[in-house]
Structure formats: C-alpha cells, structure tokens
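Please have a look at the sequence and the structure first.

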Amino acid sequence: MLLQRARSAMIFLLVGVVLEAAVQRSIEDYKSVRRLLTKLSKKSGSPNTRRAYLRWLRKFCEYASMNPDELIEERREDVKSDDDDVRHRAEDRLDAWFSELERNGLKRNSCIQAYNAIRSFYKVNHYKLEMDDAPSSWTEKVKPGLTRDDLRSLVEACSKSMHRAYILCQVQSGLGVSDLLNIKYGDVASQLKKGKDHIHLRLLRGKEKQIGHFDTFFGRMATQALKEYLATRKNLKPSDRLFPITDRAVRKFLRTLSFRAGLEWTPSSHDLRKFFNTQMKLAGLNETLVEYWMGHSLGKVRGAYFVPPVEEQLRL
C-alpha cells in the first residue's frame, strides 16, 4: 500500500513537471515573448533573469486571464482611447497585481522584480507603460496622495501662467488630461467675455462620443487663472485649444515644478484629478454627481434621472 502511494505521488510530481515545462515552452512561442527574450539575450544573457522574467510574465498572464500577445493587443487599442481609465488600464492592472503579490506575503524585492519584468515586457513590445519609477524597496517611500500643501507649493512654483491655469483647471474640474487638452477657446469665450467667475463646460466624452454629454465646471480660482493666461495669447480663434500642449509636456512641467517646489515626489495629471474627486467627496457631495462631473458614464438609468439642471449644480 505504501509503495503504491509512493509511486502515485511520484507520477503526480512527474506530470506536474512535464506540464510546467509544456507551459513554459508554449509561452515562449508568442511573438511578444520572443521579442522580450531577444532583448534579454542582448542585454545580459543571464539564464536566471530569463527564467525569472518568464515566470513573472506567466503569473501576470494568469492574473489578467490573457496570453502575452493579447496583453499587447489590448495595450495597442487602449492607447488610442481618450478615456484616461481605458488608456491607463495596463498601468492600473500592474499596480493592482503588485499590491496583491505583497498582500500574499511575497518579499518586496521579489514584488519589485515582478513589477520590472512586466514593465520591460511592454517596453520591448513598443508600448511602454506611463508609470513613475519602480516601487522602492522601502515601503515608506511609496508615492503619497496629493495634499493641499502640495498643491499650494506647485501653484506657487509656477513661473508660466499656462502651467498655473492648467493645474487649477484640472483640480477644480476633475477632467482627464485628454479632455482638458481638447477644450477649445470657443467653449469658454462667451462666458469669459461676460465676466463669469465660474465656467460651465458641456463636453462630449470619449473618442467616438459614445458616452454622450456631461457637465463640469472651472471654479473661481481656475477661471481667474485662465483669464490671466489667455490674456498673454494674441489673436485667439474659437478653434484654438486652450492648452496647446501634449500630455507628455504636462508630465514634463509637473516634474519640473515638483522639483522647484521641493516635493519629494512628482504628482501626475492623474493625481490632480484624484485630488478633485477626494475633495468633493470629503465635502459631502453626492458620489454619483462627482463621477458625472469627471466625465464617467452613469449608465442609462442614473444618467436619465439623477443629474440636476446646470443651475442647481452651480449652487453646490
């Protein structure tokens, strides 16, 4: 009986080894993985690095329920989207996976190795993730949330009126970077000429406009900063963009301002948006309304019955 059990156990282990080897062989057959392995061979040629990267990629694929080529194909489509949440889906998934590895008790250095393996996988396949530096091996250095003091320091560090206007417009509207950069002068011109101290925006959400209209607002500080900035621009046309820059330029000037302000980290455009979300909810405003102002879809039922008239929204 004991001998039979021992043989059964041995067969089970052998089958497991064979299956694991088969999985490893199959993952190397994907075009995106072959590109990764070629890059690793050129960089170091270490068999240990190769095994580690394949192991982490396999686990990440299991977590995402996709194969490697599907991950790249998803990324290829996501980066075309005007929706921040869609465009940063891969980054958010990697962050969530990193947190799950830590919760499961994996050593932090191993979590960082896994994190870097996936970032490298996307990078060598020409779809680099838009993320800050890799997580620190010291947990207390994890990126904090934007505080009022951080925001004040950023604004005070601005030497260009456009940068000040951009920051205040984003933190007082909750708009994603693509939505904010697509606003035209014609969207605000009539209200500015009337001397309005708040700007009401009626925008279409999504590249294909499939989510429909939503309302949001620039508050008093943002509107004043916008007036001062636009006064520096001559011969503005209705079709001119308020902020004629790219999201890459936004990341660059936020990095410069963070250094100038003495911050120990670099807030992103997404952090400015999250600041709006947090402050509105802390002030007791309805969560659904806050999501609406940020351009999130409410669904047919909530979208049809919940949203109050613009005049009521302005009073909030």
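Let me begin with a definition: helices here are DSSP runs of H or I with at least four residues, strands are runs of E with at least two, and both are numbered from the N terminus. In those terms, the protein has 17 helices and two strands.

Please keep in mind that this is a predicted model, in which local features need pLDDT of at least 70 and side-chain atom pairs count only at pLDDT 80 or more, while totals for chains, interfaces and linings use all residues. Residues are numbered from 1 along each chain as its sequence is written, and side-chain values use heavy atoms, with hydrogens and water left out.

As for confidence, pLDDT is the predictor's own confidence in each residue on a scale from 0 to 100; its mean for the protein is 81, and 76% of the residues reach 70 or more. Over residues 8-25, however, the pLDDT is below 50, and beyond near neighbours in sequence this stretch has three contacts in the model, where contact means heavy atoms within 4.5 Å. Residues 301-305 also stay under 50, with four contacts beyond four places in sequence.

Among contacts with a separation of 6 or more, 62% are made by residues 24 or more positions apart.

Which residues of α6 are buried? They are Ala90, Glu91, Arg93, Leu94, Trp97, Phe98 and Leu101. Seen down the axis of α6, these residues fall within an arc of 160 degrees, so they line one face of the helix; the arc is taken from the directions from the helix axis to the C-beta atoms. That buried set packs against α3, α4 (68-78), α5 (84-87) and α7 (108-124). Just after α6, Gly105 takes a positive phi of about 90 degrees.

One of those partners, helix α3, covers residues 47-64 and reaches 26 Å from its first C-alpha to its last, close to the 26 Å expected for its 18 residues. Its buried residues include Trp56, Phe60 and Cys61, and α3 is followed by Ser65, whose phi is positive, near 60 degrees.

On cysteines, Cys61 counts as buried because its relative accessibility is 7%, and Cys111 does so at 0%. A search of the whole structure finds zero disulfides, a disulfide being a pair of cysteine sulfur atoms within 2.5 Å.

Helix α12, residues 220-230, buries Ala222, Thr223, Ala225, Leu226, Tyr229 and Leu230. These fall within an arc of 165 degrees seen down the axis, so they line one face of α12, while the face turned away carries the exposed residues Arg220 and Met221.

Leaving aside neighbours within four places in sequence, Asp150 is in contact with Gly145, Leu263 and Trp265, and its C-alpha atom is separated by 8.3 Å from that of Ala261, 111 residues apart along the chain.

Note on methods:
Expected span 1.5 Å × (residues − 1). Buried < 20%, exposed > 50% of the residue type's maximum accessible area, 1.4 Å probe, protein only.
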